[in-house]
Amino acid sequence: MHPYLPNTPEDDKNMLDVIGLQSTEDLFQSIPENLRVKGDLNLPKSKSEIEVRRMVSALAAKNESVDEMVCFLGAGSYDHYIPSIIKTLVSRSEFYTAYTPYQPEISQGTLQSVFEYQSMMCALTGMEVSNVSMYDAPTAAAEGVILASVQTKRRKILVSETVSPETKSVLETYLMYREVDLEFVKEKDGVTDVEDLKSKLCKDTAGVLLQYPNFYGVIENVKEMEALIHENKSLLLMSVDPIALPILKSPGELQADIVVGEGQALGQNLNYGGPVLGFMAATKKLMRKMPGRIVGETLDREGKRAFVLTLQAREQHIRRFKATSNICSDQTLNSITAAIYMATLGKQGMKEVATQSFKKAHYTFMELTKSGKFKPLWQKPFFKEFAILCPESVDTINEKLRAQGILGGFNLRKINDSLGDAMLIAVTENRSLEEIDRFVKIMEEI
Amino acid sequence: MSNVLAGLYYTKDHEWVRVEGDKAYIGITDYAQHSLGSIVYVELPSVGDEIDMDDNLGVVESVKAASDIVMPVSGEVVKINEDLEDNPELINEAPYDNHLIAVTLKDAGELEDLLGKEDYEAFLAEEE
Amino acid sequence: MAYEKLIFELSKPGRKSYALPEDTLSDMNVSDYLGSEYLREEELDFPEVSELEVVRHYTLLSKKNYSIDSGFYPLGSCTMKYNPKINEEVAANPKFARLHPFQPEETVQGALEVMYEVQESIKEISGMDAVTLQPAAGAHGELVGLMLIKKYHEMRKDTKRNKIIVPDSAHGTNPASVAVAGFDVVEVASHKDGSVDIDSLKSVLGDDIAGLMLTNPSTLGLFEKHIKEIADLVHEAGGLLYYDGANMNAIMGIVRPGDMGFDVLHYNLHKTFSTPHGGGGPGSGPVACKANLAEYLPVPVVEKKEESFYLNYGLKDSIGKVKNFYGNFGVVLRAYIYMLSMGHDGLKAASTNAVLNANYMKESLKEHYKVAVDETCMHEVVFAGLKEKNSEVSTLDVAKRIIDYGYHPPTMYFPLIVEGALMVEPTETESKETLDAYIHIMKEIAREAKEDPSLLKNAPHDTPVRRLDEALAARQLVLQWTKE
């Protein structure tokens with residue numbers, strides 16, 4: 001008897017009597033004998049929690065978490081401060097064991113939380129509509145690019161080389177068999193090469209995808225490119241770091257049409273890469289073609305304010321083959337997590353997190369490049385990540401750092417050999433000055 | 001029982017056509033609006049678009065369904081019903097008074113392939 | 001009185017619910033490094049509340065939700081089984097939750113081992129040869145599986161195959177995924193019992209068919225007896241078979257998709273393998289395939305070399321990546337703990353009990369609700385609404401009245417081939433007492449439908465909000481809060 005299986009032999013017998021069968025074996029008579037599994041599945045036998053905990057301990061012992069090392073690694077996943085109340089609230093079983101809110105009368109908790117998330121994402125990005133969630137930044141970008149193509153009825157998508165490698169890779173896969181052509185715009189000095197963009201924009205360009213800040217942490221001059229893109233009647237797509245938006249010009253202020261990005265930094269743990277939180281926000285004009293769920297406000301039959309999934313006619317369960325996307329399960333619990341994070345940090349806190357990350361990153365940069373041992377890869381404005389050229393292989397340096405309890409930055413040679421031995425370092429508000437000073441000292445001595 | 005008007009052409013996709021001179025007004029029938037439920041949005045083509053018979057002219061969306069509307073005849077769009085942008089529910093209220101679009105007929109011969117009142121009523125009786 | 005406030009309505013300037021360490025870099029200013037053209041001008045209109053207010057707000061909101069922990073959720077096709085708490089305990093362990101995806105492999109051997117073991121277990125349960133854990137949901141898995149099929153034909157230079165066959169009983173994600181993968185859909189008819197109409201299938205098979213998507217048991221909850229014949233027909237015609245694993249809860253340890261003739265499948269960890277639904281996600285949709293498709297799987301796959309584990313990016317014919325990093329690791333981890341807890345015996349018992357419970361509900365309700373197909377069902381049963389035809393009362397009304405009795409309605413209006421469908425899937429984690437209570441209220445409602453239909457038409461009566469105006473929501477779109 002397993003604790004998750006309540007049926008006793010007596011229950012079995014009573015139910016079989018009602019059904020009119022002799023044994024549970026008889027329930028499977030319709031399955032041809034020659035297809036049946038012979039004997040048992042080749043898996044271990046069931047275990048008690050005591051045994052499971054023992055096994056888990058052994059597995060956990062083989063992992064070193066970022067709590068045991070000081071983290072300067074970013075590249076798309078960040079060690080930001082996660083308020084304690086998030087775990088408490090999101091662990092409420094009413095949130096995490098609930099189903100998709102198709103019966104709104106008994107799902108107002110989920111629906112209102114997500115409505116608040118949508119509202120805050122609109123305020124943060126400066127856009128008019130936000131959906132409930134997408135799987136992650138790369139797939140959100142892929143859906144955004146497809147949306148741009150459908151909206152403009154054009155085939156070409158331009159993507160800057162300064163967009164993250166993960167996003168570029170997922171875009172290539174998603175577009176492989178679709179009627180959308182992907183072309184990359186060259187990187188120059190750490191930013192999108194505007195001359196190359198100019199030469200590649202044509203009347204068949206549906207949209208251009210930029211990352212903000214870009215993969216190298218650099219803040220690009222989006223305004224200049226926006227003018228060119230819109231003049232060409234193409235759409236501007238931006239993949240953004242939401243943490244930066246309280247202090248940087250918002251995508252809305254920059255006239256973006258479609259905004260996607262990674263919401264992991266909004267209260268989600270690192271989780272070895274997943275689950276995270278893709279998001280999409282757009283102009284009202286694109287609303288009806290947006291993928292994913294959207295929550296709207298309405299009234300019930302007694303005139304009370306209530307929240308409900310709306311614009312469902314776009315989705316797979318109604319549109320089927322003609323749906324804007326096939327997405328069904330999304331990352332709802334992660335958007336609720338993000339809503340709680342944004343409500344907790346609030347107006348002042350969001351700004352402070354951005355400012356502290358910015359300042360600490362710039363302080364680290366100045367200290368690291370002071371002696372000349374490490375040179376900045378580029379002289380460009382950045383937010384919380386920057387790249388430095390190292391005197392030896394980044395992997396070697398990182399090994400030495402690990403021996404000192406530090407998780408070093410990303411080895412850029414892995415994705416672009418021409419950059420040389422460059423390390424991409426991320427610094428968030430979660431780092432103390434003592435940690436940074438120690439890091440700099442060790443780097444100087446390595 | 002749904003309402004079927006005399007003097008109109010019909011299709012098996014539940015569209016009606018009213019011919020006025022060389023123009024054809026196109027809408028959806030009472031049966032269609034009833035099946036869809038409360039209509040919340042209508043997607044229409046642009047004036048000047050040339051659309052062939054059996055090609056998509058737009059979408060009528062309700063809360064629980066989205067119906068692709070197919071051209072019953074070929075033609076060039078000369079008018080779209082702009083009232084439907086803010087008040088799509090007009091189609092529920094008066095499906096025969098609220099056309100979706102008007103087109104100039106490309107080939108009046110195509111009208112012969114459409115159903116008359118009795119044929120459409122018979123078709124509806126089969127569906128039910 | 002139900003709680004009615006939005007977080008923005010609690011806001012008061014100056015309130016804080018967070019604290020960061022003091023800014024010792026106070027002599028540095030952002031504007032020293034960034035010109036004003038880079039800086040945000042619009043004020044960020046976020047709430048300002050105290051910590052207790054945030055806690056109370058979301059706690060009170062959560063109480064407006066129905067959830068598995070508080071009640072029975074017989075949603076057909078969703079497999080709303082109990083979400084074990086040991087899974088949550090392990091997932092919260094910082095040694096798993098606080099791992100950066102780009103950490104050196106030597107520092108995450110435990111995580112890689114978990115992924116490897118889940119890959120291996122899925123192979124065994126499904127009867128397949130290779131697995132990817134990258135897809136984040138079932139629909140995502142469907143997309144990957146379809147792309148594998150496309151790649152397979154492409155590699156064999158068989159480029160005419162641009163169509164996928166989908167039965168008319170299929171879940172909406174199937175045809176939607178077909179479109180996203182760049183295929184055209186060919187719909188094939190089902191018999192009244194949900195099984196594929198083999199003549200209809202034969203008539204569409206040809207050299208432009210890349211494959212067939214199917215679920216078994218079907219969306220009517222019945223086992224597709226002719227699966228071997230179907231598989232042979234499709235393979236002979238040069239196509240491959242895709243298995244939608246949403247209904248796997250019926251057959252674990254009893255029959256395997258790989259043995260039925262399927263070439264590729266996805267599983268829903270948030271259905272069959274007990275990971276929580278989270279109000280809509282996150283899920284996880286691993287894909288498993290036969291050896292002939294293995295080299296096209298998304299990279300990286302987790303492999304074992306001697307006693308250590310590593311991420312293999314070296315599949316040169318891989319379709320590429322479909323998600324950042326490695327998939328929803330946190331969800332995969334929960335499923336791993338579930339598989340460990342259940343073992344081969346528990347998984348088989350789970351399926352057996354799921355099927356037993358569904359048949360018990362079928363037999364107990366069939367006098368009052370019209371069973372779509374009166375045969376031994378598998379883990380779910382479909383009713384075509386009330387047995388006694390009632391023109392006043394719809395399936396929706398029945399569902400809303402169930403809410404009045406304190407339960408969640410079954411899945412409504414799916415599959416499309418059954419009119420006014422109510423799909424009931426009790427799962428194996430519910431006791432007979434719970435099933436009996438639900439059966440009792442369903443019978444009550446059937447009686448009410450005859451004697452006092454207004455009770456159904458006006459339901460629900462006691463919820464915080466009642467019969468929302470969905471047409472209004474779609475016509476007058478209010479998709480975010482705005483300050484009055």
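In chain C, 59% of the 484 residues count as buried. The model described here is a predicted one.

**Chain C as a whole**

Chain C contains 15 helices and 13 strands. Its radius of gyration is 25 Å, close to the 23 Å that the globule rule gives for 484 residues, so chain C is as compact as a globular protein of that length. Contacts within the chain can be sorted by how far apart the two residues stand in the sequence.

**Contacts between chains**

Chain C touches chain A and also chain B. The table lists how many residues each chain gives to these two contacts.

| Contact | Residues from chain C | Residues from the other chain |
|---|---|---|
| Chain C with chain A | 167 residues | 165 residues from chain A |
| Chain C with chain B | four residues | five residues from chain B |

In the contact between chains C and A, to which chain C gives 167 residues, one element of chain C stands out. Helix H11 of chain C, residues 329–365, supplies 22 residues, the largest share of the side that touches chain A. Sorted by class, this side of chain C has 86 nonpolar, 48 polar and 33 charged residues.

In the contact between chains B and C, chain B takes part with five residues. Four of the residues on this side of chain B are nonpolar, one is polar and none is charged.

**The two domains of chain A**

Chain A is divided into two domains. Domain 1 is made of two stretches, 70–81 and 347–445, while domain 2 covers 84–341. The centres of the two domains, taken over C-alpha atoms, are 28 Å apart. Where they meet, domain 1 of chain A gives 24 residues and domain 2 of chain A gives 22 residues.

Which elements give two or more residues to the domain 1 side of this contact? They are helix H11 (332–370) and strand S14 (385–389) of chain A. Helix H11 of chain A gives the most to that side, with seven residues. By class, the domain 1 side has 14 nonpolar, five polar and five charged residues.

Notes: Residues are numbered from 1 along each chain as its sequence is written. Chains are lettered from A and ligands numbered from 1 in the order in which they are written. This is a predicted model: local features need pLDDT of at least 70, side-chain atom pairs count only at pLDDT 80 or more; totals for chains, interfaces and linings use all residues. Helices (H or I, at least four residues) and strands (E, at least two) are DSSP runs, numbered from the N terminus. The radius of gyration is taken over C-alpha atoms; the globule rule is 2.2 Å times the number of residues to the power 0.38. A residue is buried if 20 or more other C-beta atoms lie within 10 Å of its own, exposed if 12 or fewer, and partly exposed in between; C-beta atoms are placed from the backbone. Two residues are in contact if their C-beta atoms, placed from the backbone, lie within 7 Å. Ala, Val, Leu, Ile, Met, Phe, Trp, Tyr, Cys and Pro count as nonpolar, Asp, Glu, Lys and Arg as charged, and the others, Gly among them, as polar. Domain bounds come from an automatic or database domain assignment.
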